[in-house]
Amino acid sequence: MTVAVANLVKRFRDHTALDGVSLDVRPGEFLALLGPSGSGKTTLLRIIGGLDFPDAGTVAFAGRDVGAMAARDRKVGFVFQNYALFRHMRVADNIAFGLTVKPRGQRPTGAAIKRRVDELLALVQLPGLGGRFPAQLSGGQRQRVALARALAVDPQVLLLDEPFGALDAKVRNDLRRWLRGVHEAMGLTSIFVTHDQDEALDLADRVAVMSDGRIEQVDTPDAVYNRPATAFVADFIGNATRFDCRLADGVIEVAGVRLANTAPAAADGRGVAFIRPHEFALASAGEPGLAATVRRVAHTAARASVECVLADGRVVDVSAPLDVAAAAGEAVTLVPTTVRAYPA
Amino acid sequence: MKTTAEPGWLRWLLIAAALGFLGINLALPLAQVFAGALAKGIAVYRAAVVEPDAVAAMRLTLTVAAIAVPLNIVFGLAASWAITKFDFPGKAMLISLIDLPLSVSPVVSGLIYVLLFGLQGWAGPWLREHDIRIVFAVPGIVLATVFVTFPFVARELIPLMLEQGRSDEEAARSLGATGWQTFRRVTLPNIRWGLLYGVLLCNARAMGEFGAVSVVSGHIRGLTNTLPLHIEILYNEYNYVAAFAVASLLAGLALVTLVAKSVLEWRFGDAIAGGGH
């Protein structure tokens with residue numbers, strides 16, 4: 001099912017949470033809303049779910065306007081950041097809740113509800129735990145119960161607010177893969193909010209990067225990482241060092257080195273340039289480029305990480321081949337090989 | 001093995017101070033009430049308790065509590081639900097208004113009703129024409145009691161519901177529950193212990209209220225005297241044994257509510273622990 005929002009505006013008392021947001025989510029897509037806290041991503045998710053209502057703009061599911069529809073009629077599955085499990089109900093009753101509140105005519109029989117709960121417990125890999133209370137489960141188990149509860153009513157759209165935020169790193173990685181599998185197996189259209197770019201880039205089909213109530217870019221993880229559309233995205237995604245630069249005829253001048261701009265064309269004049277760790281080459285001192293001193297060299301990954309200090313005291317990470325010759329204390333020159341520049 | 005750094009004598013001193021304070025301020029007066037009531041033997045005690053005016057006062061007190069407490073449960077639930085689950089203009093104002101009966105002297109609360117509904121009051125002439133009696137009659141006593149006791153349930157629930165947040169209710173709504181289903185199956189179970197505690201406090205105050213009720217009652221024996229007013233009359237007539245006997249009834253009602261609360265907590269203790277409260 002497509003989810004389309006257009007020109008959404010939402011103001012809270014003294015700030016604008018959404019400032020004209022439009023987004024089209026394709027059927028079957030797994031889309032991440034990524035941004036720093038306060039960028040409006042959770043507000044957008046809540047408006048799609050019908051928990052908040054916009055001051056202006058439209059929300060449509062499969063081409064049908066649902067803007068005036070209450071949360072209970074939208075038939076979306078919503079997984080809350082703190083899971084919001086009903087603490088006085090056992091796990092099985094939590095999962096069955098959406099079925100037991102249906103109008104009498106549409107409500108499945110007790111036996112059918114029990115069958116469905118058992119199916120879902122098996123799906124979320126918690127068979128036999130239906131009799132527990134939420135307080136007796138681990139964080140990862142609660143998260144899966146919350147998902148089972150949301151899936152019980154057969155939603156076509158699944159909304160997840162920071163689904164892995166409260167979990168430790170190991171559990172988080174396992175759950176990511178598993179959630180992706182559930183999404184595909186059930187043919188859902190899913191939108192999840194995260195502030196963790198690794199999570200968004202690793203899991204999503206497309207990533208919508210948000211800042212200050214606006215969407216900066218909606219693209220595949222590959223494009224968002226390698227071809228950031230704006231200075232914000234270039235700065236926010238991945239590890240990049242920021243430089244002031246001059247733009248002239250599509251050529252960027254950074255620290256005396258002139259390079260072609262790989263970012264969308266920008267007007268001539270002053271700009272900001274972003275360079276990633278693997279986009280520097282190390283050269284001997286005195287060559288054209290940025291003078292730096294090596295502080296530390298670590299050979300702990302597939303490539304060596306060389307920590308350099310620039311003349312102005314800034315620390316720059318440079319990714320180099322494992323056989324790099326640099327040693328701590330050595331004076332070197334950093335030569336940018338690829339630069340993305342945006343108007344300042 | 002010692003687990004605390006405090007010396008033994010300090011711990012004993014603190015425990016003795018706490019128990020001593022409780023003994024002097026709570027246990028001793030309570031014992032004195034019962035001792036005074038039984039000073040002239042069980043027969044005199046019985047006579048004071050079954051005397052028609054005492055029975056009428058008892059009936060009136062229970063009637064007033066039976067009306068005021070349910071009203072304040074409904075009001076308290078509605079107000080705390082509105083205040084904690086929704087945002088609306090005038091919310092801060094409503095919170096201060098709920099506190100008003102606690103900050104106003106009960107005598108003033110009673111006087112308000114005399115000024116509104118008394119013979120010389122704002123609605124007095126109209127009420128007299130239609131032969132409706134509010135002040136110096138049961139309706140006035142009920143109104144004054146409702147006014148004085150209305151913060152108790154709401155004040156118990158608002159902090160609890162604020163702490164629990166709105167996400168449980170939002171989850172229920174997104175799962176398709178109606179407002180009533182959400183309230184009955186999610187909100188109410190989450191707040192039931194706070195609600196019970198608020199109801200007990202409200203009930204104790206409703207049965208024990210003196211000041212506001214005293215102003216609007218008119219002190220007509222057998223008709224508009226509640227237990228606290230009846231006790232005062234007996235006491236002023238130097239009828240100490242009867243005063244203490246009726247006081248022991250009132251104290252007995254308080255003890256019954258206390259025991260009821262403990263029994264409920266004990267009976268459902270597992271559910272509280274299992275539910276993570």
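Contact here means heavy atoms within 4.5 Å, and this definition is used throughout. The model is a predicted one, in which local features need pLDDT of at least 70, side-chain atom pairs count only at pLDDT 80 or more, and totals for chains, interfaces and linings use all residues. Residues are numbered from 1 along each chain as its sequence is written, chains are lettered from A and ligands numbered from 1 in the order in which they are written, and side-chain values use heavy atoms, with hydrogens and water left out.

Along the principal axes, the C-alpha atoms of chain A fill a box of roughly 80 × 45 × 35 Å. Of the 344 residues in chain A, 50% are buried; buried means under 20% relative accessible area, exposed over 50% and partly exposed in between, with a 1.4 Å probe and protein chains only. Among the contacts in chain A with a separation of 6 or more, 66% come from residues 24 or more positions apart.

Attention now turns to the nonpolar cores, each a set of buried Ala, Val, Leu, Ile, Met, Phe, Trp, Tyr and Cys residues joined through side-chain atoms within 4.5 Å. In soluble globular proteins, nonpolar side chains tend to be buried together. The largest core holds 43 residues, and those with the most contacts inside it are Ile95(A), Leu147(A), Leu158(A) and Val207(A). Elements of chain A that each supply at least two residues of this core include strand E3 (30-34), helix H3 (91-100), helix H5 (139-151), strand E7 (157-161) and strand E9 (206-211). Helix H5(A) gives the most to this core, with 6 residues.

Arg172(A) lies in helix H6 and touches Phe164(A), Gly165(A), Leu167(A), Asp196(A) and Glu199(A), not counting residues up to four places away in sequence. Arg172(A) and Gly140(A) are 32 residues apart in sequence and 8.0 Å apart in space, C-alpha to C-alpha. Under the same exclusion of residues up to four places away, Glu199(A) is also one of the residues that Ala204(A) touches, together with Phe30(A), Leu31(A), Ala32(A), Arg180(A), Phe192(A) and Pro221(A). Ala204(A) is found in the loop between H7 and E9 and counts as buried because its relative accessibility is 8%.

Ala62(A), in the loop between strand E4 (56-61) and strand E5 (64-65), has a positive phi near 50°.

Ser174(B), Leu175(B) and Arg185(B) supply 31% of the area that chain B buries against chain A, more than any other three residues. The contact takes 22 residues from chain B and 24 from chain A.

In chain B, helix H12 (residues 227-236) is largely enclosed by the rest of the structure, because 7 of its 10 residues are buried. Those buried in H12(B) are Leu227(B), Pro228(B), Leu229(B), His230(B), Ile231(B), Ile233(B) and Leu234(B). Their cover includes H3, H10, helix H11 (211-217) and helix H13 (240-267) of chain B. Just after H12(B), Tyr238(B) takes a positive phi of about 60°.

Pro228(B) is also one of the residues lining the largest cavity, including Thr61(B), Ile141(B), Met207(B) and Glu209(B). On a 1 Å grid over the protein atoms alone, a cavity is a set of points where a 1.4 Å probe fits but cannot get out, and lining residues have an atom within 4 Å of a point. Helix H3 (52-85), helix H7 (138-149) and helix H10 (179-208) of chain B each give two or more residues to this lining. The volume of the largest cavity is about 40 Å³, taken as the space filled by probe spheres set on grid points joined across faces, edges and corners.

Terms used:
Helix = DSSP H or I, 4+ residues; strand = E, 2+ residues; numbered from the N terminus. 1 Å grid on protein atoms, 1.4 Å probe; cavity = no way out; pocket = protein on both sides within 12 Å on 5 of 7 lines; lining within 4 Å. Buried area = accessible area lost by both parts, 1.4 Å probe.
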